Amino acid sequence: MSPQELKAVLQSGLLSFPLTDFDSELNFAPKAYADRLEWLQPYGASALFAAGGTGEIFSLDPVEFSAVMKVALETCKGRTPIIAGAGGGTRLAIQYAQEAERLGAQGILLMPPYLTETSQEGLIAHVQAVCKSVKFGVIVYNRANCRLTPASLQVLADTCPNLIGFKDGVGDIEKFVSVRQTMGERFAYLGGLPTAELFAGAYKAMGCPVYSSAVFNFIPKTAMDFYNAHAVNDTETCDRLIRDFFIPYIAIRNKGEGYAVSIVKAGATIIGHSAGPVRPPISDLKSAEYEELAALMAKLGPQ
């Protein structure tokens, strides 16, 4: 898939990032992961981000990353495009990007280089180095310490033809509108805030109709119902699901640090598709929170 073909895929449809399955000893569980991807296939996500944020990429070592990507690509080949996560420092991000390209992924989502402050000059050099190390499409994740200005994105657009996507996980309306108006149709724009459904209407109004869904991992039917309503401006359905599910859901999510991932793994367990525990330094939901989530999910009906 060429960078421009990937960009076209990202212009519509629901995106998601599957959980990474671990066993009770916190080792990668390839069969369970393949089974998860098979289960999700019929629901019709337009692309999947394997080893993304919800896939706990920052807990994976390079050997595990390769194993995750191999399973994802073998399982979804010919059916769903697979975009790999790539993160960490510049050399590690290049290693992930090149390995994903070697294995046959359709592109990468370039995650922030966590745990260090960054300058715009440094971010430009980081993104350029990763883009120039591969030929396939790159989406930059604007989040945490990777917050690119419109001017920086213009430099990157001019120097990195395979940089085709901008995923926003910051939620600063003024800055996003500035990026969107400055860059126009140069990029595909993706909503990337945790529990993106809550922000989908606002992002669509800003020129970003596509987002990635975490809840697709455990309530895929509801996730698709919401996206389809969102796509046709069915505000009644969207408002009902936000009121009845998403607002109570984020109230549980906000009870703990790192719960944006933990609550998704809990939901997968509740529905009978457990991905195992999360890896430290994040932690699983407490038992009372788990039961609260189970009761909320029960109101949605079969998935």
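Good morning. I begin with F166, which counts as buried at 1% relative accessibility; buried means under 20% relative accessible area, exposed over 50% and partly exposed in between, with a 1.4 Å probe and protein chains only. The model is predicted, so local features need pLDDT of at least 70 and side-chain atom pairs count only at pLDDT 80 or more, while totals for chains, interfaces and linings use all residues. Residues are numbered from 1 along each chain as its sequence is written, and side-chain values use heavy atoms, with hydrogens and water left out.

Let me turn to the aromatic rings. How many aromatic pairs does a search of the whole structure find? The search finds 14. Rings of Phe, Tyr and Trp (its six-membered ring) pair if their centres lie within 6.5 Å; planes under 30 degrees apart count as stacked, over 60 as edge-to-face and the rest as tilted. Y43 and F216 form an edge-to-face pair, with 6.4 Å from centre to centre and 90° between the planes. Y43 lies in the loop between α2 (30–40) and β2 (47–50), and F216 in the loop between β8 (210–213) and α9 (220–231), so this pair ties together parts that are 173 residues apart in sequence. Helices (H or I, at least four residues) and strands (E, at least two) are DSSP runs, numbered from the N terminus. Y43 is partly exposed at 24% relative accessibility, whereas F216 is buried, at 1%.

F166 and Y189 also form an edge-to-face pair, at 6.3 Å centre to centre and 65° between the planes. F166 belongs to strand β6 (residues 163–168) and Y189 to strand β7 (residues 188–191), so the pair ties together parts 23 residues apart in sequence. Y189 is buried, with a relative accessible area of 5%. Ring pairs link F166 and Y189 with F176, F187 and Y203 into a cluster.

Next, the nonpolar core, a set of buried Ala, Val, Leu, Ile, Met, Phe, Trp, Tyr and Cys residues joined through side-chain atoms within 4.5 Å. The largest one has 105 residues, and L163 and F218 are among those with the most contacts inside it. Helix α10 (residues 235–253) gives the largest share of this core, eight residues.

Finally, the cysteines. A search of the whole structure finds zero disulfides, a disulfide being a pair of cysteine sulfur atoms within 2.5 Å. For C208, the nearest cysteine sulfur is that of C238, 15 Å away. C208 is buried, at 1% relative accessibility. Thank you.
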